[in-house]
Amino acid sequence: MPGYELFGAEERKEVNDVLETGILMRYGFDGPRKGIWKAKELEQEINKTFNVAHSQLLSSGTAALTVALSALGIGTGDEVIMPTFTFVASFEAVISVGAIPVMCDIDETLTLNPKAVEEAITPRTKAVMPVHMCGSMAQLDELKAICDKHNLVLLEDACQAIGATYKGKAVGTIGHAGTFSFDFVKIITTAEGGAVLTNSKEVYEKCDQFSDHGHDHIGKDRGADLHPYLGYNFRISELHAAVGLAQIRKLSQFLEMQKRNNRIIYDALKDVPGISFRVIPDPAGDTGSFLSFFLPTEDMARTAAAELGAAGITGNFYWYDNNWHYIRKWQHLQNGSFMSRLSEDQKKGVMHYSNMAYPVSDAIMSRCISSSISLLWDEAQAKDRGQKIADILKKVVAAHTVNA
Ligand SMILES: *Cc1c(COP(=O)(O)O)cnc(C)c1O
């Protein structure tokens, strides 16, 4: 997924425009900034690229989730259904607004199983938050139908899936709101940054205000702005937005390269006995940033991951043992290791859901490896890598089959 791999003259030029004026802040200073508005320009570019009415840039993807949850009115005691497989930012944001993350089983799409979501709904459920993990997408039609039926908010965590589409629409623009992350390892980067995308004017205006201490941003004098709501500071800087402007113009090129290299690896692995692939609800909309596959057993997956590492083939993730992406290793959450005190009610809810057993998710994640796709491989390098991975997988599957 990494846009940082193709950082170059375009990014330097955009940043330089800002350095020339020295106006590093996105608001105000209308005269001295000499017409340079990188954050505003990037928001317009996002709206156009992803065909969405509004977007609000923020200081990170985690900030984007936090701001979106607040703007959507989610707070104390509300339950937010999210998958057991995601990055920790998803539950951090939910907890930060006083709500309770309700971990829910995934299926072989590697994100929310709609049936499990329906079973997880309680009278306190306010939102469903699918996470479009590893560049691919959730079953959005099914999840949207559930949200409509139960009058719930659908908030898409699309931080890892910038440029993915579902039935022709950009992911992140299908729910009530969606979020992108532009951190350093995402599909496009601003070094640090994020965005909320929404087609609701009301949600957008609340995001705009909340992320800048409640400023209503009406008129030209910041000091005279009114504050209809309390806010916080999750602003992005002009320097970061400038990098994003160069990156978003290269997004379609990044996606093309990723998809090509992904296809080459897929072709090398598709006939390996025993290997199956992540189910992608709309294959045409996949970003290609990862190729995720399953081995027949946990033992084989763990051995394969170790052998890939030992052979020096980097970028193959065995999430089941990863501290940051799967519930099994979120001991800080399960133990309630909060730096400051939560309400008893929130803490009880957090502990309850994070300590439940998730055997269905375990059975899927324990067999899964995600192989990341680089923008830097030419065709020959991708083929060589695919062949090497295929050889290791064949060997591992054959060895275990003989032993069995
Ligand atoms: C990266 C990521 C985030 C958080 O983004 P940051 O910009 O790093 O704060 C949230 N959710 C998912 C799924 C992510 O991968």
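Analyst: Helices (H or I, at least four residues) and strands (E, at least two) are DSSP runs, numbered from the N terminus. This is a predicted model, in which local features need pLDDT of at least 70 and side-chain atom pairs count only at pLDDT 80 or more, while totals for chains, interfaces and linings use all residues. Residues are numbered from 1 along each chain as its sequence is written, and side-chain values use heavy atoms, with hydrogens and water left out.

User: How far apart are K201 and E205 in helix 7?

Analyst: They are four residues apart in helix 7 (residues 201–210), which means a separation of about one helical turn. K201 forms a salt bridge with E205, their closest N and O atoms being 3.1 Å apart. A salt bridge is a side-chain nitrogen of Lys or Arg within 4 Å of a carboxyl oxygen of Asp or Glu.

User: Is K201 buried or exposed?

Analyst: K201 is exposed, with a relative accessible area of 54%, and E205 is partly exposed at 33%. Buried means under 20% relative accessible area, exposed over 50%, and partly exposed in between (1.4 Å probe, protein chains only).

User: How many salt bridges does a search of the whole structure find?

Analyst: The search finds 29 salt bridges. One of them joins the side chains of K38 and E14 at 2.7 Å, N to O. K38 lies in helix 2 (residues 38–50) and E14 in helix 1, so this pair ties together parts that are 24 residues apart in sequence.

User: Which residue forms a salt bridge with E41?

Analyst: That residue is R249, with the closest N and O atoms 3.2 Å apart. E41 lies in helix 2 and R249 in helix 8 (residues 238–249), so the pair ties together parts that are 208 residues apart in sequence. K13, E14, D17, K38, E41 and R249 are linked in a network of salt bridges.

User: Changing topic, where is S55?

Analyst: S55 is in strand 1 (residues 54–58) and counts as buried, at 3% relative accessibility.

User: What does the side chain of S55 make a polar contact with?

Analyst: The partner is the side chain of N47, at 2.7 Å. The side chain of S55 also reaches the backbone oxygen of E43 at 3.2 Å. A polar contact is a pair of N or O atoms within 3.5 Å; within protein, one must be able to donate a hydrogen and the other to accept it, and residues adjacent in sequence count only if both atoms are side-chain atoms.
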